Structures are given as C-alpha cells and as structure tokens.
Amino acid sequence: MSTDNTEAKLDLSEKGRAKDGTVISMDKRLFMQFMAFGDCWNTDEIINELRNSKMDLVLYADINDPYGIGLLAMSQDPDFFVGDLRKFLNNSTFMELSQKPEMTMLGRTYSFGYEPDLEKTLISGQRAKVLDSDWPWAIWYPLRREKGFETLSDDEQRAILGEHGKLGFKFGHAGLGRDIRLASHGLDKNDNDFVIGVLGKDLFPLSALIQAMRKTKQTSQYLESLGPFFVGKAIWQSEL
C-alpha cells in the first residue's frame with residue numbers, strides 16, 4: 001500500500017478575464033501601509049529625507065491636527081515594511097515624532113476576477129492614483145464587515161456590493177473622487193477586512209461621497225465598524 005505525499009498546490013494568484021473571455025492570472029500585488037504621526041513642527045526636513053529615500057511614499061498634512069502628518073508607503077514586497085522602511089523611520093526625523101498606532105493601516109490590492117489588465121488593476125493603476133499631484137486630498141480609513149455578510153449567497157453579495165460600487169463609479173466618472181480598495185484580512189490587530197482610500201482634487205466631494213455611501217445596504221446593515229478616519233492633503237509625493 002503506497003501513500004501519495006504530493007501536496008496539492010494552491011493557486012493564490014489574482015484572477016482577471018481577457019476580452020475574449022479567457023481567464024488570466026497574476027501572482028503579484030501591491031501592499032500599502034498608512035501611518036500617522038503627531039508633534040511634527042516642521043515638515044521641510046522630513047520632506048528632504050523622504051526625497052532622498054528613493055522609496056514610494058506620500059506625505060500628508062493632517063487637517064484635524066495642526067502638528068499631525070500621515071505617511072503612505074507602497075511596495076510589492078512585504079519585507080520592505082520590516083526592512084528598508086523600518087530602518088528609514090528609525091534613522092530619520094520620524095524618530096522625534098509621536099506615532100498614532102490607532103491610525104496604522106495595512107492592506108493589499110486584489111482583483112474581482114473580471115479585470116482585463118491585472119498589472120494596471122493591482123500595481124501601476126493604484127500607484128498612479130496616490131502619486132497623482134492633481135488629486136492631493138485623501139480620506140483613509142479601515143472597515144470591518146458584519147460576519148453575517150459572508151453567509152449571504154453570491155448573488156446577494158453582488159447586489160449589495162454593486163449598489164456601493166455604482167456610487168463610487170458615479171463620482172469617479174464625474175471626476176470628483178477615486179478610490180483605493182485594499183484587502184486587510186489578518187493584517188492588522190483590529191481584524192479589519194479592508195482599508196479604503198478616497199482621493200480627490202477637492203475635499204468636499206469626498207465627504208459627499210462618504211455621506212452618500214452611508215445610505216447603501218452594505219454600510220447601513222453589514223458594517224461592524226468604520227474608521228478611525230484620517231483626513232489630509234498630500235504635501236509631498238514620490239515621482240510618478
């Protein structure tokens with residue numbers, strides 16, 4: 001009697017669909033981490049250090065804290081966050097600041113399964129959104145769904161998410177807002193499901209979009225927690 005010890009290979013790649021209907025896949029994704037800091041009295045030195053770091057970063061001024069800033073970092077390699085980024089933060093002006101751990105968020109890009117261009121969906125398109133100097137305003141926040149949402153049928157989930165998505169498309173088509181959707185399952189201490197970034201040329205449309213989304217079925221019935229929210233404006237971005 002023989003035993004087959006061959007391990008079944010799990011396919012964890014992101015899936016899309018070509019125009020001819022063929023399923024396509026790519027085993028790459030972009031990780032993004034947001035951190036907030038206080039006690040920042042002067043951003044000039046920090047901006048100079050960020051510029052010299054040669055990393056993919058965005059620095060935000062916190063609209064709700066006159067001495068607050070936010071830092072968004074991006075990489076396809078999670079080792080970056082515990083390696084190069086960690087070393088940079090521990091050997092720069094950031095050491096003099098007070099971190100706000102309750103605002104730390106970490107997530108990864110993902111596909112829905114129908115996107116025809118996975119590289120743009122997962123990597124270059126998301127990077128371009130946050131590094132676009134014409135869209136400097138941002139609201140970043142985590143969210144956690146009610147566990148009951150996962151027990152709904154696929155059709156029910158699609159209908160609920162479709163209602164939410166149509167609002168985002170409406171604002172995006174009007175040039176009023178763009179969104180970054182990051183999966184955060186198991187990546188933070190609060191067990192959040194997603195990290196959301198809403199980006200815009202002006203702040204008011206972003207507030208209006210979030211207000212409109214409060215009326216959707218997902219937000220009103222299937223969210224367990226939302227926030228905390230960071231609201232800021234990019235004062236320095238890596239070159240696109």
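Biologist: Which residues is Trp-236 in contact with, leaving aside its neighbours within four places in sequence?

Modeller: This is a predicted model, so read every value as computed from it. Trp-236 is in contact with Ile-47, Leu-50, Arg-51, Leu-57, Val-58 and Leu-59, leaving aside neighbours within four places in sequence.

Biologist: Where is Trp-236 found, and is the residue buried or exposed?

Modeller: Trp-236 is found in strand 12. Buried means under 20% relative accessible area. Trp-236 has 12%, so this residue is buried.

Biologist: How far is Trp-236 from Pro-116?

Modeller: Their C-alpha atoms are separated by 32 Å. Along the chain, the two residues are 120 residues apart.

Biologist: What does Ser-238 touch?

Modeller: Ser-238 sits in the segment after strand 12. Not counting residues up to four places away in sequence, Ser-238 touches Met-55, Asp-56, Leu-57 and Leu-131. The side chain of Ser-238 also reaches the backbone oxygen of Met-55, at 2.6 Å. With a relative accessible area of 8%, Ser-238 is buried.

Biologist: Now Gly-197. How far apart are Gly-197 and Trp-140 in sequence and in space?

Modeller: Gly-197 and Trp-140 are 57 residues apart in sequence. In space they are 4.5 Å apart, C-alpha to C-alpha.

Biologist: Where is the place of Gly-197, and what does this residue touch?

Modeller: Gly-197 is in strand 10. Not counting residues up to four places away in sequence, Gly-197 touches Ile-139, Trp-140, Arg-178, Asp-179 and Ile-180. Gly-197 is buried, and its relative accessible area is 0%.

Biologist: How many residues along the chain lie between the positions of Glu-224 and Glu-146, and what separates their C-alpha atoms?

Modeller: Glu-224 and Glu-146 are 78 residues apart along the chain. Their C-alpha atoms are separated by 4.8 Å. Glu-224 is found in strand 11. Leaving aside neighbours within four places in sequence, Glu-224 is in contact with Arg-144, Arg-145, Glu-146 and Lys-147.

Biologist: What is the relative accessible area of Glu-224?

Modeller: Glu-224 has 40%, so this residue is partly exposed.

Biologist: Which side chain makes a polar contact with the side chain of Asp-65?

Modeller: That of Lys-100, at 2.7 Å. Asp-65 lies in the loop between strand 4 (57-62) and strand 5 (69-75). Its relative accessibility is 17%, so Asp-65 counts as buried. Leaving aside neighbours within four places in sequence, Asp-65 is in contact with Gly-38 and Lys-100.

Biologist: What is the phi of Asp-39?

Modeller: Phi of Asp-39 is near 60 degrees, a positive value in a residue other than glycine. Asp-39 lies in the loop between strand 3 (31-38) and helix 1 (44-53). Asp-39 is partly exposed, with a relative accessible area of 35%.

Biologist: And what is the phi of Asp-191?

Modeller: Asp-191 has a positive phi of about 60 degrees, although Asp-191 is not a glycine. Its loop runs between strand 9 (178-183) and strand 10 (194-200). With a relative accessible area of 41%, Asp-191 is partly exposed.

Biologist: Which residues does the cis peptide bond at Pro-228 join?

Modeller: Gly-227 and Pro-228, with omega at about 10 degrees. Pro-228 is in the loop between strand 11 (223-226) and strand 12 (230-237).

Biologist: Let us step back to the chain. How many helices and strands are there?

Modeller: The chain has 7 helices and 12 strands. Its radius of gyration is 19 Å, close to the 18 Å that the globule rule gives for 240 residues, so the chain is as compact as a globular protein of that length. The C-alpha atoms fill a box of roughly 65 × 50 × 35 Å, taken along the principal axes.

Biologist: What share of the 240 residues counts as buried?

Modeller: Of the 240 residues, 48% count as buried. The accessible surface of the chain comes to about 13,600 Å², and 50% of that belongs to carbon and sulfur atoms.

Biologist: What share of the contacts with a separation of 6 or more comes from residues 24 or more positions apart?

Modeller: Such residues account for 77% of those contacts in the chain.

Biologist: How far apart are the mean positions of the positive and negative charges?

Modeller: They are 5 Å apart, for 29 positive and 36 negative charges.

Conventions
Residues numbered from 1 in each chain as written. Predicted model: local features only at pLDDT ≥ 70, side-chain atom pairs only at ≥ 80, totals over all residues. Heavy atoms only, no water. Helix = DSSP H or I, 4+ residues; strand = E, 2+ residues; numbered from the N terminus. Buried < 20%, exposed > 50% of the residue type's maximum accessible area, 1.4 Å probe, protein only. Rg over C-alpha atoms; globule rule 2.2 N^0.38 Å. Contact = heavy atoms within 4.5 Å. Areas by Shrake-Rupley, 256 points an atom, 1.4 Å probe, with all protein chains shown as cover. Lys, Arg positive; Asp, Glu negative; His and termini not counted. Charge placed at Lys NZ, Arg CZ, Asp CG, Glu CD. Polar contact = N/O pair within 3.5 Å; in protein donor to acceptor, adjacent residues only side chain to side chain.
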